[in-house]
Amino acid sequence: MTETQAPLKKERWTHQWKELYSEVITTGLCTGCSGCVISCPHDVIGYDHEQGGFTPFHLEEELGLDDCGHGVKGCTSCTRACPRFRTWEDEADNFMFGRARRDDEPSGIFKDIILTRASDDFIHQTGQDGGLVSAILIWALDNGYIDAALTSYVGEGDDGDSWTASPGLALNRDDVIRGAGSRYTYSANPLAFNEAMDSGATKVALVGMSCQSSILPVMKSRKIGKVGNRFALNIGLLCSKSFDEAIFEELFELKYGLDRTTIKKTNIKGVFQIWTHDGAYYEINLKECHAWTREGCNHCPDFAAEHADISTGGIGKYNDWTLTIVRTDLGREIIMKMLADGSLIGRPGDDDPGAIALMHKLSAKSRQRWPEFAWEKPALLPVPTRK
Ligand SMILES: Cc1cc2nc3c(=O)[nH]c(=O)nc-3n(C[C@H](O)[C@H](O)[C@H](O)COP(=O)(O)OP(=O)(O)OC[C@H]3O[C@@H](n4cnc5c(N)ncnc54)[C@H](O)[C@@H]3O)c2cc1C
Ligand code: SF4
Ligand code: SF4
């Protein structure tokens, strides 16, 4: 074989916590998704759940906060799991779809867009929009596609935890229903992974905002099999931002007199909607809420959960339907089977072209948040090697 015919070989992946810290965590690219935390085989990455936090940090300090002893010895799991490290988007696209997205695909690559809602009235009403996500989880648990789901629960007590969202494990219908609905503060759902492993689960679903749904194809494409292979389903939530929890006290309570314990449901449809237990309804201009945007969202380029099997949102003219973007064969198989056995009611996405146009518009807008200093296009190209 001549030099010019030498096969292209992938550059060896040597990037560890040191690079993750300098390129993602301290630059503001980190969304707090917690992918690195659950992937660390040495359990040396902690996670700050506190208000204003939602960031990973190194638990062993002998090399300083910015380096890792295991990384120095060759461990690279954290960067392999990070969906904001270097060329994450193209890598995930290629892994899932066999190609990178085109510029005219602002919402990512997909197969179908439809509108859906749970046919079970209780699930439908408990869900945020059409109750699709809850219906899928219940159906997938019942039909052996998954045996656990990483989802989010919300505090209901009077002791300050009302509306505090936190990650949790759903193993059955009751658990799924308990987590239904949307909270617009952050919940790092992947953090329930260890609990899932402790429960003996082997086929796990992840429910998460766009930032979280990119974790799975990124870690699978970068060969974090021990964690990645446990995931069997990836359900994404469309997302333009999440808010700091301080918004409850500093805006809703101070300006509008809304104690968080009185809130029954929230939604965002052009305005921040709040329903209270006494039947009252409030609308708060989103511009007023901007000051409480969570820091981790500022550079997030993904509105449409572009790497989920099924992405779900609530935009459009039909309030009680879920805008459903089916991206993979698995996603299509599940939706088709649910429609066929009557678990779901569907209608064409074309019934609400405005919703689809709005999704593309919001996706394009979010993409502008990806900063110029970040890696732009594939860097981990094959490099020629000599034999
Ligand atoms: C922070 C956030 C921002 C969003 N922004 C938009 C948006 O801008 N435009 C849009 O169209 N849609 C947005 N969505 C998605 C939308 O609110 C619904 O989640 C989606 O339409 C699915 O509705 P459903 O009735 O099918 O889901 P449901 O059946 O109600 O299930 C919702 C699932 O989401 C989980 N969940 C709820 N809150 C959180 C949270 N804070 N963190 C992680 N998981 C959570 C629940 O545990 C549950 O599993 C957002 C969701 C969240 C959580
Ligand atoms: S974006 Fe996610 S995986 Fe990357 S450093 Fe932040 S928390 Fe870790
Ligand atoms: S905008 Fe939504 S998807 Fe993006 S980092 Fe914030 S919470 Fe995650």
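These legends walk through a few views of a predicted model.

**View 1. The whole chain.**
Start with the big picture: the chain holds 16 helices and 15 strands. Its C-alpha atoms fill a box of roughly 75 × 50 × 40 Å along the principal axes. The chain has a radius of gyration of 21 Å, which agrees with the value near 21 Å for a compact globule of 387 residues. Buried residues make up 44% of those 387 residues. Now take the contacts with a separation of 6 or more: 70% of them link residues 24 or more positions apart.

**View 2. The largest nonpolar core.**
In soluble globular proteins, nonpolar side chains tend to be buried together. Here, the largest nonpolar core has 87 residues, and Ile 136, Leu 137, Ala 149, Val 204 and Ala 205 touch the most other members. Helix 7 (residues 132-142) gives this core its largest share, nine residues. Zoom in on Ile 136 and skip its neighbours within four places in sequence: you'll find contacts with Ile 235, Ile 310 and Ile 334.

**View 3. The shell around ligand 2.**
Which residues come nearest to ligand 2? Out of 14 residues around this ligand, they are Cys 30, Cys 33, Gly 35, Cys 36 and Cys 82. Two elements, helix 1 (17-25) and helix 2 (35-39), each give two or more residues to the shell. Helix 1 gives the most, with three residues. Sorted by class, the shell around ligand 2 has nine nonpolar, four polar and one charged residues.

Is Ser 34 buried or exposed? Ser 34 counts as buried because it has 27 C-beta neighbours inside 10 Å, and the cut-off for buried is 20 or more.

**View 4. Trp 163, in another loop.**
Trp 163 sits in the loop between strand 5 (148-154) and strand 6 (165-170). Phi of Trp 163 is near 70°, again a positive value in a residue other than glycine. With 19 other C-beta atoms within 10 Å, Trp 163 is partly exposed.

**View 5. The shell around ligand 3.**
There are 13 residues around ligand 3, and the nearest are Ser 210, Cys 211, Cys 239, Cys 297 and Cys 300. What classes make up this shell? The shell around ligand 3 divides into six nonpolar, five polar and two charged residues.

Definitions and conventions: Residues are numbered from 1 along each chain as its sequence is written. Chains are lettered from A and ligands numbered from 1 in the order in which they are written. This is a predicted model: local features need pLDDT of at least 70, side-chain atom pairs count only at pLDDT 80 or more; totals for chains, interfaces and linings use all residues. A residue is near a molecule or strand if its C-beta atom, placed from the backbone, lies within 6 Å of it. Ala, Val, Leu, Ile, Met, Phe, Trp, Tyr, Cys and Pro count as nonpolar, Asp, Glu, Lys and Arg as charged, and the others, Gly among them, as polar. Helices (H or I, at least four residues) and strands (E, at least two) are DSSP runs, numbered from the N terminus. A nonpolar core is a set of buried Ala, Val, Leu, Ile, Met, Phe, Trp, Tyr and Cys residues joined through C-beta atoms within 7 Å. A residue is buried if 20 or more other C-beta atoms lie within 10 Å of its own, exposed if 12 or fewer, and partly exposed in between; C-beta atoms are placed from the backbone. Two residues are in contact if their C-beta atoms, placed from the backbone, lie within 7 Å. The radius of gyration is taken over C-alpha atoms; the globule rule is 2.2 Å times the number of residues to the power 0.38.
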